[in-house]
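Please keep the sequence and the model in view while reading.

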Amino acid sequence: MSRDAPIHSWPGSYYMNTEKRWENGTLSLSRTTVRFVSSQSKETLVSFRLSRIMEIKMESSSFIFSTLTVLEEGNVKHWFGSLKPNRVVVYNVLEHFWRERLLSPSTEARGAECQPSKGRELINLVAGAQRRLEDTGRVLSHQGEQFDNMMQGLEKIDSDLGVADKLLSELESPSWWPFGKIPWKIQQEAKAEDAARAAAAAAGKGSGRNKVITSIPAVVSKGRDSDLKPGCLLVLVSSLEVRDTTCQLLHRFERNEIDEIRVHSPYEMTVRQRFIGKPDICYRFLSAKMPAVLSVLEMQYKKKMEFTGEYTAFKATPVSSPCDAEGTLLNEGLTQKCQDTELPLEVPAGELSQLQVHVLQPSVSQAEAQELKQMLMQLKNLALEAETELERQDEVLDVLTSSTDRATMHIEKHTCRIKRLL
């Protein structure tokens, strides 16, 4: 059984309590496991699941200072020292993934299952599709708001062109035309109303651009890995925001300013903004909730995202857990037992054994089928809403095209009239 691909790893040393000495090697963190491998023998000195961790602390030792200790269930304490770049970075990353594992017991329960049922696998697939469709709906909604703002802008242009038409008509009138100051006052009031309407549209546009699509806790560093600190990543409709644990804004990446989003693994990525003549701004993010954000970023920044070879190798590695071996042995035993037990082609009623009843049970239970039915109905509703929104946006695009052509024609006509007056 292949191991989990490591999310992150650090060189360091591990204290072997039985031999009373320190062993150099590499401390690595995977989806569910913390592991330390010796650099000399290439053997795994210690390996334990994140769910078994009771406490993570930074302590000092009489043998070596600046150590990191991990307390496992059963009062087993593991000492790690000489961690690079430093123990604070390792502590922040380990503590983040451990805390997220504790806050998501359902995820841990699913990871602890050795052989999930077919129904549960189908439910997970449909749930993933539902999340992706919901993210698509949010992006479509933002796109619709942009179209509405464009329509408001065109309406203001039409209003301004109407005012310009009235002014040009007055200038083109003969001198004996009986007009006074009242029309000018009316025009000033109209301009004030247009300005107020434009300010309200700008405020509405700003509020729409600042809507948060999703946010996740993350371990953040600016540039290098030596300064990883707890924080959070906010995905807005028009930008990405980096904040610390007190929600203080560290940096804001505008959507059109992001040059590259490099995905190293399903739990790690870097966002870069390039400059000419000064250093680039680059932030690195590590988060157990990163897969939920990547699905949104793939739609918003599809042309700017780059998936590294490490990401491909990570996705190709199957998830393994300590119970895999037990599950394999159990399956092999059950298969051998089924092979040793000859099942007759026709079994009289009432003579089915317990093993035969287990074999004849359906792979999807009635409760799972009902849950799948409800989720599929929700998917259908989401798809219909997305289709309705797309049809509405198509109609808005047609109106925008005709309004733009009409405004262009009016501007050209007014320009000719102004030239004649000059």
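A polar contact is a pair of N or O atoms within 3.5 Å; within protein, one must be able to donate a hydrogen and the other to accept it, and residues adjacent in sequence count only if both atoms are side-chain atoms. Such a contact, of 2.8 Å, joins the side chains of His78 and Glu72. The model is predicted, so to be reported local features need pLDDT of at least 70 and side-chain atom pairs pLDDT 80 or more, whereas totals for chains, interfaces and linings use all residues. Residues are numbered from 1 along each chain as its sequence is written, and side-chain values use heavy atoms, with hydrogens and water left out.

His78 belongs to strand β7 (residues 76-81); strands (E, at least two residues) and helices (H or I, at least four) are DSSP runs, numbered from the N terminus. His78 counts as buried because its relative accessibility is 5%, where buried means under 20% relative accessible area, exposed over 50% and partly exposed in between (1.4 Å probe, protein chains only). Residues up to four places away in sequence aside, His78 touches Tyr14, Val46, Phe48, Leu68, Thr69, Val70 and Glu72, a contact being heavy atoms within 4.5 Å.

Strand β7 is part of an open sheet of seven strands, ordered β4-β3-β2-β1-β7-β6-β5 with antiparallel pairing; two strands pair if DSSP finds at least two bridges between them. At the edges stand β4 (44-49) and β5 (53-59), each with a single partner strand, so one side of each has no neighbour in the sheet. Within this sheet, nine bridges link β1 (residues 8-16) and β2 (residues 21-29) in the antiparallel sense, and Trp10 stands opposite Leu27 in β2.

A nonpolar core is a set of buried Ala, Val, Leu, Ile, Met, Phe, Trp, Tyr and Cys residues joined through side-chain atoms within 4.5 Å. In the largest such core, of 29 residues, Leu27 and Leu94 touch the most other members. At least two core residues come from each of β1, β2, β3 (33-38), β4, β5, β6 (67-72) and α1 (87-103), and α1 gives the largest share, six residues. Beyond its neighbours within four places in sequence, the contacts of Leu27 include Trp10, Phe36, Phe80, Val90 and Leu94. A second, separate core of 26 residues includes Val263, Met290, Val293 and Leu294.

Finally, the chain as a whole has nine helices and 15 strands, and 34% of its 422 residues are buried.
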